[in-house]
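Keep the structure open beside the text as you read.

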Amino acid sequence: MNTPMEHPLVLAYLDEITRRTTALPAERRRELLADLREHVEVALAEHGHGRGPVDDGAVRQVLDRLGRPQEVAGAALAEEGQGRPEPESAGRTHLTLGLVLLSLPLLVVPAVGPVLATAAAVTALVRIWRSPQWDRREKRQATLLLLSPVLVTPLVAGALSMSPIGLGPLAVLAACLAGACLPGIAVIRLARSAALLRADTRRSGGGSRGSAVTV
């Protein structure tokens, strides 16, 4: 470890703030992180560590004085008028993400499959965009991933049709699985973000994110 800023606790702290402030303008987030780095360096230098090795205890003291990452990120978002996201109940979140997962299997239902799949996907997108627990960046990414099978599946199928194996049943299955992976990634990301938000809210007793979970 060459400098205090390379300490694992410092890196983890800054990484979490970076993740929690994706809704901030890029320049504002860079300024925030630069200010935090400067504060940590100055505080550790006052502890006599300078640019040499630093012990975990001193790092924890400095980071504790700065505040928890969710508090620092929340204050920065509030200053920009972004507000803090409010969590939904686990049941409501599971329903939204379940609709995402159902949209592709529903395609194979005879006759009405495409209609049911489209209805599930549209409903899921509406619920995602109306939800207060995900920021705009997460919603945009989820939208792109959810709609990606429309483009990815035929592209993969076309590529396989020109390969030696041709467009047989296994190739069709492979193309469908390739398209299905991307909405699955969206579900994993959204579920993880929602779970972290609920956990933060429980730890803070609701705090400035609201006294109750949205249901």
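## One face in, one face out

In this predicted model, the buried residues of α1 are Val10, Tyr13, Leu14, Ile17 and Arg20. Looking down the axis of α1, you will find these buried residues within an arc of 125°, so they line one face of the helix. The background is simple: an α-helix has 3.6 residues a turn, so residues three or four places apart point the same way. On the face of α1 turned away from the buried side sit Pro8 and Asp15, both exposed. The helix itself covers residues 8-20 and reaches 18 Å from its first C-alpha to its last, close to the 18 Å expected at 1.5 Å a residue.

Next, a pair of helices. The axes of α6 (residues 113-130) and α7 (residues 136-147) come within 10 Å and cross at roughly 170°. That angle makes α6 roughly antiparallel to α7. The table shows which residues make the contact.

| Helix | Residues in the contact |
|---|---|
| α6 | Ala121, Ala124, Leu125, Ile128, Trp129 |
| α7 | Arg136, Lys139, Arg140, Ala142, Thr143, Leu146, Leu147 |

By type, the residues of this contact between α6 and α7 divide into eight nonpolar, one polar and three charged.

Finally, have a look at Glu86, in the loop between α4 (69-79) and α5 (90-103). Glu86 counts as partly exposed because its relative accessibility is 36%. Along the chain, Glu86 and Ala194 are 108 residues apart, yet their C-alpha atoms are separated by 9.5 Å.

Methods: Residues are numbered from 1 along each chain as its sequence is written. This is a predicted model: local features need pLDDT of at least 70, side-chain atom pairs count only at pLDDT 80 or more; totals for chains, interfaces and linings use all residues. Side-chain values use heavy atoms; hydrogens and water are left out. Helices (H or I, at least four residues) and strands (E, at least two) are DSSP runs, numbered from the N terminus. The expected span of a helix is 1.5 Å times one less than its number of residues. Buried means under 20% relative accessible area, exposed over 50%, partly exposed in between (1.4 Å probe, protein chains only). The arc is that of the directions from the helix axis to the C-beta atoms. Axes are lines fitted to C-alpha atoms, for helices over the stretch in contact, and angles run from 0 to 180 degrees between N-to-C directions. Angles under 35 degrees count as roughly parallel, over 145 as roughly antiparallel, 65 to 115 as roughly perpendicular and the rest as oblique. Contact means heavy atoms within 4.5 Å. Ala, Val, Leu, Ile, Met, Phe, Trp, Tyr, Cys and Pro count as nonpolar, Asp, Glu, Lys and Arg as charged, and the others, Gly among them, as polar.
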